[in-house]
Amino acid sequence: MSTLRFHAIKESLKRKPIKIKEEKRRSEIFGENVFNEAAMRQYLTKTALSSIMEAVEKGTKINRVIADHISTGMKEWAISKGATHYTHWFQPLTGATAEKHDAFFETIGDGMAIEKFGGHQLVQQEPDASSFPNGGIRNTFEARGYTAWDPTSPAFIYGTTLCVPTVFVSYTGEALDYKTPLLRALQAVDNAAVDVCKYFDKNVKKVNASLGWEQEYFLIDSDLAASRPDIVLTGRTLLGHSPAKGQQLDDHYFGTIPNRAMAYMRDLENECMLLGIPVKTRHNEVAPNQFELAPIFEEANLAVDHNSLLMDIMQKIAKRHKFKVLLHEKPFAGVNGSGKHNNWSLSTNTGVNLLSPGKTPMSNLQFLTFFINTIKAVQTYEELLRAAIASASNDHRLGANEAPPAIISVFIGQQLTKVMNELETVTKGKLSPKEKTDLKLNVVGKIPEVILDNTDRNRTSPFAFTGNKFEFRAVGSTANCANPMTVLNTIVAKQLIDFKAEVDVLIDKKSMKKDDAVFNVLREYIKTSKEILFEGNGYSDEWEKEAKKRGLSNNKTTPEALKVKVSKSSIELFESLGVMNKVESEARYEIEMEEYILHIQIESRVIGDIARNHVVPTAVRYQNILIENVNGLKSIYGDKFKNYAKEQLSLIEQISGHIEAINSLVTSMTNERKTLNEQNDIEKKAKGYCDIVRPIFEDIRYHCDKLELMIDDELWPLTKYRELLFTK
Ligand code: ADP
Ligand code: MG
């Protein structure tokens, strides 16, 4: 009997939900472990507080003396909550989040000690003491740089550690993390959007991008997960036959949340409340044991931090409940995978959501301006947006008929399509007073009503307008949202800058009135942005053909998709807006390509190991039992044994066939890897892993899954899909 699998199943069946106490209202504990404004008011001097506020609102620098005050206040607050250590918390490009804990504790001689946390410890740290290598970009990026405090994202306490959100940059100033370019992109879109807002409202001083993510995940019993080497090492199953029952009945989606999962969610939500992550929604998802969690949207930088933090604490809290969280985009073949919708919009310091239709024709013209400019930005940079969500694990999901295709398109709904069509017919040049009144009354003025009717939500669209925001649905569930958010905000910033320049030319050179100029430019944008708009079924083959005709990119794999990141125009785009310089763009490309290669390499090794060391020996064992049986039948029935051993003999042959196939496939896969590992050209190497190594997985899997169906269940060593997915 396969001990590990059955032991795990036995353990998993004994589980009871953990009791979760919620003694206080959530609104009372919200942000309790965050050094937020309320805490700052209590622990900081007035000058220190206003210095932080100014840094948050205007991006001003905090001087060293003030930093000392702040760090002291922060330390006092943290100690009062039981913290003993502090860490600079950041998001390096290669992992989820990173931290190195240091104690507040310091000796001061004569056997005495104090708790200390100075301004310089708050402001700057070196995560690693290794010296800084010089040379090419690879060296630059592998090198350790320093972390620097990001006052726009508040410090928080997790466990007994004060965590200070920071950026991570090299000594030469290049970004080594996800946050730095994001902050620069947010600044760029702020500047560009404020300039455009001035056409409509002179009081606008700041525009914030907002992000509301929706996180999908699987909850698997921790013993069952631990019994599968593929889950442990790659976060997904590399083989496993689909169960007799899957998600076809939709009974999980519409059912109640299972008790153990519910206890986990409440525990997680509690922790989120303490950390100021405003989670609001929880529900079952389509696949068995799949769930979703979503917060109330926040300013994008904070929302990105909160999502990274969440992914981290999800795993930690899962341990208490004997669960493993699978964040992978496709943990189980044949079962829906997970994504992370990114809901995005822009809003002003005056409280206006720029992607929400307003009450007056003028505010609607502002809405249309931002709406159409976003569409135009996506049209121009669709390939870059695709690249922003590329990863080995997301490749499984995009275009797999459950998630949007790898083709980026924008869905806006019938009513807004109609508005666009009407705006397209606006007269070229100055508008007559009648036309303008007509437009304002009948087209621009009517938007609020139409939006309310617009309930049609096309789930197959990767980038859909949903009433007052765009929803980027192709983001992977494991992704750090900073990457797609950096690209989206950068391309919209660039588009708004171009828009303003074009409108200003019409105002200055053609002496047009402001709204005439805006209408004129928008009309041209509508004409040139048609290719990206698509309302039909994104899963269909027709769309693939149609998209090709339209000239839209359809990069199905990560190595193909990433290429555009180092095209001349992309590098110039990021450089011109100060988001990333050439070195940063190129280094990111290399890091992502390398990560892709490593990912496939690891999966390939793991499946090779499981196939050879778990599946084949089990198959041989079962075959021996069959052989023994056949021999027994022969000794009883002599020549007539074949009448009774037909099935057994056929199985023996089939098993041999699969064993042979597995062994030769694993050997050829290993040889391909060896050849590729000699390859120094990163593009050729990634392409080889993608086009040669990866398809062999599927063949190996096919034979393993066939064996799973044949072999005595008692002998099968790997926990099966039905056990992983239906244990609650
Ligand atoms: P669903 O897409 O599941 O139907 P909703 O449309 O209600 O759900 O909202 C999904 C997410 O969109 C939530 O996280 C919500 O906070 C977020 N959201 C709502 N308005 C905005 C906005 N203006 N900017 C960014 N995110 C938003
Ligand atoms: Mg959604």
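## Helix H23

The buried residues of helix H23 pack against helix H15 (382-387), helix H19 (482-509) and helix H24. The model is a predicted one. H23 spans residues 568-576, and its buried residues are Ser570, Leu573 and Phe574. Viewed down the axis of H23, these buried residues fall within an arc of 90°, so they line one face of the helix. An α-helix has 3.6 residues a turn, so residues three or four places apart point the same way.

Lys568, Ser569 and Glu572 are exposed, on the other side of H23. Just after the helix, Gly578 adopts a positive phi of about 70°.

## Nonpolar core

The largest nonpolar core holds 195 residues. Those touching the most other members are Leu162, Val189, Ala193, Leu211, Val378, Ala611 and Ile662. Helix H24 (residues 582-637) gives the most to this core, contributing 13 residues. H24 is also one of the helices against which the buried residues of H23 pack.

Val378 can be taken as an example from the core. Leaving aside residues up to four places away in sequence, Val378 touches Leu385, Ile408, Val410, Phe463 and Ile532. In soluble globular proteins, nonpolar side chains tend to be buried together.

## Surroundings of ligand 1

Ligand 1 is surrounded by 15 residues, of which Ser210, Gly212, Phe297, Asn343 and Ser345 are the closest. By class, the shell comprises six nonpolar, seven polar and two charged residues.

Three strands each supply at least two residues of this shell: S9 (207-221), S11 (290-295) and S14 (340-348). The largest share, four residues, comes from S9.

Definitions and conventions. Residues are numbered from 1 along each chain as its sequence is written. Chains are lettered from A and ligands numbered from 1 in the order in which they are written. This is a predicted model: local features need pLDDT of at least 70, side-chain atom pairs count only at pLDDT 80 or more; totals for chains, interfaces and linings use all residues. A residue is near a molecule or strand if its C-beta atom, placed from the backbone, lies within 6 Å of it. Ala, Val, Leu, Ile, Met, Phe, Trp, Tyr, Cys and Pro count as nonpolar, Asp, Glu, Lys and Arg as charged, and the others, Gly among them, as polar. A nonpolar core is a set of buried Ala, Val, Leu, Ile, Met, Phe, Trp, Tyr and Cys residues joined through C-beta atoms within 7 Å. A residue is buried if 20 or more other C-beta atoms lie within 10 Å of its own, exposed if 12 or fewer, and partly exposed in between; C-beta atoms are placed from the backbone. Two residues are in contact if their C-beta atoms, placed from the backbone, lie within 7 Å. The arc is that of the directions from the helix axis to the C-beta atoms.
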